[in-house]
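Work through the exercises below with the sequence and the structure open. Try each task before reading its solution.

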Amino acid sequence: MENSEGVKIESTVVTEEPLISALDIALFVVIITVAYFWYFKRGKQSSSSEKKPYTIQPSSLSSIEQTSNSSFIKKLKSTGRSLVVFYGSQTGTAEEFAGRIAKEGARYKMKGMVADPEECDMADLVEMKEIQKSLAIFCIATYGEGDPTDNAMDFYEWLQNGDADLEGLNYAVFGLGNKTYEHYNEIAIYIDQRLEELGATRVHEIGLGDDDANIEDDFVSWKEKLWESVCSHYGIEETGEESNIRQYKLVDCSEVLPERIFSGEISRLKSYENQRFPFDVKNPYLSKIAVNRELHKSGDRSCMHIEFDIDGSKMRYGTGDHVAVYPKNSSELVDKIGELLNADLDAVFSLLNTDEESSKKHPFPCPCTYRTALTYYLDITSNPRTHIMKELIEYASDPKDQEKLKLMASSTPEGKKEFHEWILRDNRNIVHILEDLPSVKPDLGHLCELLPRLQCRYYSISSSPKVYPKSIHITAVLVNYTTPTNRVNKGVATNLLAQLIPTNDELPQPTIPIYIRRSQFRLPPKSQTPIIMIGPGTGLAPFRGFIQERDYARKEGREIGEMVPYFGCRKKDEDFIYENELQEYVANGTLTKLHLAFSRDQPEKKYVTHLLEQNADELWNIIGEKSGHLYVCGDARSMAKDVHSIIVKVVMEKGQMTNSQALNYVKKMEQQKRYSADVWS
C-alpha cells in the first residue's frame, strides 16, 4: 500500500491476538484522565487570569525604560511643564539654542525641557493639546544638500509620510542654515509649513538663521520677538526675573576610582582600549596614521596628504564619502585657562543635570578632570555667543569689565555692534576674553557648562576603496592665521594632524579617532557615463578617489567614459597638489583632458571659472548631448555660485534655451543627481 506521499510501506496482520488488549484500554483511560485534569486546570487558571491581571518582572528594565523615556508628554505632565524645545543638530548649535529657549521659559511662567526628537515618540505631539498653555518649539538645522540632521531624520520622515491631526498643537520654528548653500534652511521651512498643514497653530513666524553671516544675531532677534508673540497668544506677562539658573550642578569626584574616570572617550568608558565594531559618531575608531606627507612644493602654506589605517576595523567606505576626525585642543591653550583662573586642572569633577527628567545627564562624559574636559570635550577656540557674555558678568570684579560684558550681552544696536567688533571681527575666543578682561574669573565648573562641545571635523575622502580598501586618504590645508589683535589662531584639527607623523615600525604609531559619514556625492552607476569634475585647491580631494576608481575599472578591461577635471591653485611650482598622479592618469588615458588654472603665474589672475567659460562647447557636449554628470567641490561662498551661473549660461547659449528653461534644465540635473556639489563655506 502507499501513504499519502506515494511511498510503499509493508504491513503485517496478526490474527491470533485481539486488536486491543486490556493493557491498552487501561493506558487509554489513564491518558484521558490526565488530559481531562490538565485541560480544566489550565482553563481555570486562564479564567482567573482574565479576572485579575498579573505581571511578569523582566530580567532587564531597559525596554520599559526606553518606552517610558520616549514619551515626552508623560514627562511634561509629571513635572508640570508646558514648554518643550526640540532640536535637530549636527554640530551642537541647534541644541545650544534649544537649551537657551527652554531656560528662558521660566521668565514667562512656562517651565521648559529640551528634547532630542530621535529619543522621543513624536507621534505624541497630538497629545500636546491636553496640556494647558503648552508650546512646542523646534530649533532645526539643515545640512548638506537640504538634508535633515541625523537626529531629526525620523521626525522628518514621520511628517512626510504621516497624516496626524495636530489641531491644538501650538508651535514655533527657528531654522539654522547657511545662505551660501542652495537649500537654505530647507528642512526648517518644510517642518514649519507641514505642521500648519496638519492643523497645528503657528504662535510666531519662522526664524531663519544664517551661519554665513551672524546666526547668533539672527537667533537673539527672533527669540525676543518670539516671547512677545507668546505673551500675546497666551495672555501672560514676563516676570522680569533674569537670574542665571544653572542647568548642571558641580559634583566633586575626587574619590572616584581611576578606572571610572573618562580620559577623552566620546561615549563609552575605555572605548579606545576595547574597540568594538560598528564605529560611528558615538563610537569612533582609533586609527593609526600610516602616511603624513607634505603636498606643497614651496611657499609658506602647508597642505597635508594623510592616510588613516583601517585594516582589521571592518570599516567600509564609498568613493565620495567623508571621514570625521575627532580633534583635541592644544595643551598650550588649556594650560592658559588653568593659569588665568588659578585652577587645578587635574581635579576630577562631574556636571550633573539638575533636571532629573532629562535624558541628558551630563553635558559631556563625566566624571573627568578639568584638563580632559578642556582638551577633548569643550570648544575653547571659537567665538563665544552672547549668552556666555551674559553669564560672565557676575564674575567680573571690575565695573568697566562688567559694563562691557553687559553691553555685548544686550540686544541693543550698540550692544550688537560691540559684540560684532570685539568678538567676531577681532576673532576672540574664551582664552582671549579672559586675558583682555583680567577681572573676569569664572568658576571653572560653570565655564565648562557654558562652553559648547568640541565637534569633529569632516574631510572629503580622497581615495577609492577599490584601490585602497585598508586605508582612508584625506587632503587637508594647515589652518594658521593672525587676528586683528595680533594673536595667531590655529585650526584645531589640522594643527593636531600636522603633529602626527608616523615613525619606524618599532615604535607605536600616532593615532586619532575617526568614523565614516556617508555621502550622496557619488560616481554614476555606469562607468561609461562621462563626467566633469570642478575642484580647485583641496576641492580636488574627492575627485582623486573618483579618478582612482575609474582607473581601476579601466585596468579591469571595462569601458570608461570621458573624465575631465578642472583644477586651480596659485602657482604651478608651489601648490599644484598630486601633479604627478594627474599627469600619469592623462598619459594612460583615464583622464580625457586636464584643465589647469594657476591664478598667480601671470599678471592677470586666472581661475577655473575662466576655463569653464572658454570651454562652453565641451561642457555642453558632456552635460547636454551626452547626458553626463557634473561635480563641484570647494568653496560655496563664491566658487560654487560662480560655477552654477556659468553652467546656466552655457545651457542657455548652447542648448538654445531661455533663462527660465536653462534654470529648469539645471534644476532637473540636480534632481537626477547629474549635478552634485560637495561644498563648504
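A polar contact is a pair of N or O atoms within 3.5 Å; within protein, one atom must be able to donate a hydrogen and the other to accept it, and residues adjacent in sequence count only if both atoms are side-chain atoms. The model is predicted: local features need pLDDT of at least 70, side-chain atom pairs count only at pLDDT 80 or more, and totals for chains, interfaces and linings use all residues. Residues are numbered from 1 along each chain as its sequence is written, and side-chain values use heavy atoms, with hydrogens and water left out.

**Exercise 1. Which side chains make polar contacts with the side chain of Arg 81?**

Step 1. Locate the residue. Arg 81 belongs to the loop between helix H3 (72-78) and strand S1 (83-88).

Step 2. Judge burial. With a relative accessible area of 6%, Arg 81 is buried.

Step 3. Name the partners. Thr 79 lies at 2.7 Å, side chain to side chain. Asp 355 pairs with Arg 81 at 2.4 Å, again through side chains.

Step 4. Widen the view. Beyond four places in sequence, Arg 81 touches residues including Leu 76, Lys 111, Met 113, Ile 131 and Glu 357.

**Exercise 2. Describe how H8 and H9 pack.**

Step 1. Two packed helices are described by the angle between their axes and the distance between the axes.

Step 2. Read them off. The axes of H8 (residues 331-340) and H9 (residues 370-377) come within 10 Å and cross at roughly 135°. Axes are lines fitted to C-alpha atoms, for helices over the stretch in contact, and angles run from 0 to 180 degrees between N-to-C directions.

Step 3. Classify the angle. H8 and H9 are therefore oblique to each other. Under 35 degrees counts as roughly parallel, over 145 as roughly antiparallel, 65 to 115 as roughly perpendicular, and the rest as oblique.

Step 4. Identify the contact residues. From H8, Val 334, Asp 335 and Ile 337 meet Arg 371, Leu 374 and Thr 375 of H9. By class, this contact has three nonpolar, one polar and two charged residues. Ala, Val, Leu, Ile, Met, Phe, Trp, Tyr, Cys and Pro count as nonpolar, Asp, Glu, Lys and Arg as charged, and the others, Gly among them, as polar.

**Exercise 3. Is Asn 342 buried or exposed? Is Asn 427 buried or exposed?**

Step 1. Start with the backbone. Asn 342 is not a glycine, yet its phi is positive, about 50°. Asn 427, also not a glycine, has a positive phi of about 55°.

Step 2. Place the residues. Asn 342 is in the loop between H8 and S12. Asn 427 is in the loop between helix H12 (413-425) and helix H13 (430-436).

Step 3. Asn 342 is exposed, at 73% relative accessible area. Asn 427 is buried, at 18%.

Methods
Helix = DSSP H or I, 4+ residues; strand = E, 2+ residues; numbered from the N terminus. Contact = heavy atoms within 4.5 Å. Buried < 20%, exposed > 50% of the residue type's maximum accessible area, 1.4 Å probe, protein only.
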